[in-house]
Amino acid sequence: MKVGDLVRQLAEAFGDRQLFLVGGYLRDQLLGRETNDLDLTTDARPDDIRSRVERWADSVWLVGEAFGTVGLTKGGIKAEITTFRADAYDGVSRKPEVTYGDSIGDDLARRDFTINAMAQNVHTGKLLDPFDGQDDLRARLVRFVGDADKRIVEDPLRMLRAVRFCAQLGFELDSFATCLLYTSD
């Protein structure tokens, strides 16, 4: 099976719901990198996601269901579909309180980096890029969505993830985030 075939099957299965390609899959596609791991997001809740895919997927797993994620494989391709989220951090733990959202815009706004905060509507093909992730891809730049300091305080492991992306993709870290890296207590 080809990735495009699975995307078409998912578009059909979610014909009455919002469904977007997001995250690493979309970023890698825009960079011209091949991958068979799809990341999608939807306004459907986890039980609805599961009921839409379990009849025809080769396998379904629910390990991330508490966070709104249902995984599946079909024809050797892996896909994870996550309900729109609106995470809230308590300032003590890096683990957010997960609440489901209804808006793709809010879901993208909670993401870590601009290069992961884009979405492509599987029904229309329209690309949403509210934080200029495409510009950062072209500039080969890892930049936080919104206030970098706030993103790092929410989850300090994001700095390690930023450095990993820089190393894996050959990108540079945004100068503000670099300053935070070297001045953190």
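User: Hi! Quick one to start: how exposed is Arg-140, going by its relative accessible area?

Analyst: Hello! This is a predicted model, and in it Arg-140 comes out as partly exposed, with a relative accessible area of 37%.

User: Thanks. And where is Arg-140 found?

Analyst: Arg-140 sits in the loop between H5 and strand S8 (141–142). Its backbone is worth a look too: phi is positive, about 55°, although Arg-140 is not a glycine. For context, most residues other than glycine have a negative phi.

User: OK, which strands does S5 pair with?

Analyst: Strand S2 (residues 37–42) runs parallel to S5, joined by 6 bridges; there, Asp-39 has Glu-80 as its bridge partner. Strand S4 (residues 69–74) pairs with S5 in the antiparallel sense, over 6 bridges, and Leu-72 stands opposite Ala-79.

User: How many residues are between S4 and S5 in the hairpin?

Analyst: There are 2 residues between them, and Gly-75 in the turn has a positive phi of about 60°.

User: Now salt bridges. How many does a search of the whole structure find?

Analyst: The search finds 15. One of them joins Asp-112 and Arg-161, with the closest N and O atoms 3.0 Å apart. Asp-112 lies in the loop between helix H4 (104–109) and strand S6 (119–121) and Arg-161 in helix H7 (residues 157–169), so this pair ties together parts 49 residues apart in sequence. Asp-112 is buried at 8% relative accessibility, while Arg-161 is partly exposed at 33%.

User: What about Arg-138 and Asp-135, how far apart are the closest N and O atoms?

Analyst: In that salt bridge they are 2.6 Å apart. The two residues are 3 apart in helix H5, about one helical turn. Arg-138 counts as exposed at 61%, and Asp-135 as partly exposed at 39%.

User: And Glu-154, buried or exposed?

Analyst: Buried, with a relative accessible area of 13%. Glu-154 forms a salt bridge with Arg-151, which is buried too, at 11%. Both lie in helix H6 (residues 148–154).

User: Last one: which residues are linked in a network of salt bridges?

Analyst: Asp-16, Arg-17, Asp-43, Asp-48 and Arg-52.

Technical notes. Residues numbered from 1 in each chain as written. Predicted model: local features only at pLDDT ≥ 70, side-chain atom pairs only at ≥ 80, totals over all residues. Heavy atoms only, no water. Pairing = 2+ DSSP bridges. Helix = DSSP H or I, 4+ residues; strand = E, 2+ residues; numbered from the N terminus. Buried < 20%, exposed > 50% of the residue type's maximum accessible area, 1.4 Å probe, protein only. Salt bridge = Lys/Arg side-chain N within 4 Å of Asp/Glu carboxyl O.
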